[in-house]
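Visitor: I would like to learn how to read strands and loops in a model. Please take me through some cases.

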Amino acid sequence: MSVVLRAGATVTAAPLVLRPWREEDVTALVEVCWGDELLRRYTRVPVNSVEDGLRWLDVRRRGWETGTCLGFAAFEELSGGTEGRLVANVALKRPEAGAPAAEVGYWTAPAARGRGVAPTALEPLTDWAFRTYGPEGLSRLELLHQVDNTASCRVAEKCRFLYESTLPARPPFLEDGHLHVRRAPGAGPGALSVVGGSM
């Protein structure tokens, strides 16, 4: 599947273009991830070398092939539609096709933090997920983060993912977590259905 999503510029962030990860993104990926303590703390698989990066990208590729994890690299969009620097990763996790719930996840490159990049990238992913999989029954998107990750809590709120509950620590989370939920337009409350983990 070839999917390209876009987000317009905001007061603090450039316009973004989002598309599936490619093997040639490995250099940019390693540059963003290497040595970043926040990504080490909050992501499941740290990327510290080209070999790590290629393994990480292979998991993203297989996620698209199976439809279980649809990951997008987010780049600043330059004039003419060309890709600028890598600023974020966003993903839709769908462990079960046709299930009413799925999970979204994301991380932001260190140089892009504090400028609203994560919510800018997450919004088109959310819209695309409901538009694409809503006809198959998707009515609920879940967003999970550790309670100490206050930046992720702000992203959830900005993107209208409402706080639903606090969950006890379980791998890969080292601390309790917050569950935020956004429902499809017109969808009513549903049963709790935590599908997640970490990116």
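Visitor: In which sense do strand E2 and E3 pair, and over how many bridges?

Guide: This is a predicted model, where local features need pLDDT of at least 70, side-chain atom pairs count only at pLDDT 80 or more, and totals for chains, interfaces and linings use all residues. Residues are numbered from 1 along each chain as its sequence is written, and side-chain values use heavy atoms, with hydrogens and water left out. Strands are DSSP runs of E with at least two residues, numbered from the N terminus. Two strands pair if DSSP finds at least two bridges between them. Here E2 (residues 16-20) and E3 pair in the antiparallel sense, over five bridges. One of the bridge partners is Phe-72 in E3, which faces Pro-20.

Visitor: Which strand do eight bridges join to E3?

Guide: That is E4 (residues 83-93), and the two run antiparallel. Lys-93 in E4 is the bridge partner of Cys-69. The hairpin of E3 and E4 has five residues between the strands, and Gly-80 there takes a positive phi near 85°.

Visitor: Is E3 largely enclosed or open?

Guide: Buried means under 20% relative accessible area, exposed over 50%, and partly exposed in between (1.4 Å probe, protein chains only). Nine of the nine residues of E3 (residues 69-77) are buried, so the strand is largely enclosed by the rest of the structure.

Visitor: Where is Thr-10 found?

Guide: Thr-10 lies in the loop between E1 (5-7) and E2. Its relative accessible area is 37%, so Thr-10 is partly exposed. Contact means heavy atoms within 4.5 Å. Leaving aside neighbours within four places in sequence, Thr-10 is in contact with Arg-115 and Thr-120.

Note on methods:
Helices (H or I, at least four residues) and strands (E, at least two) are DSSP runs, numbered from the N terminus.
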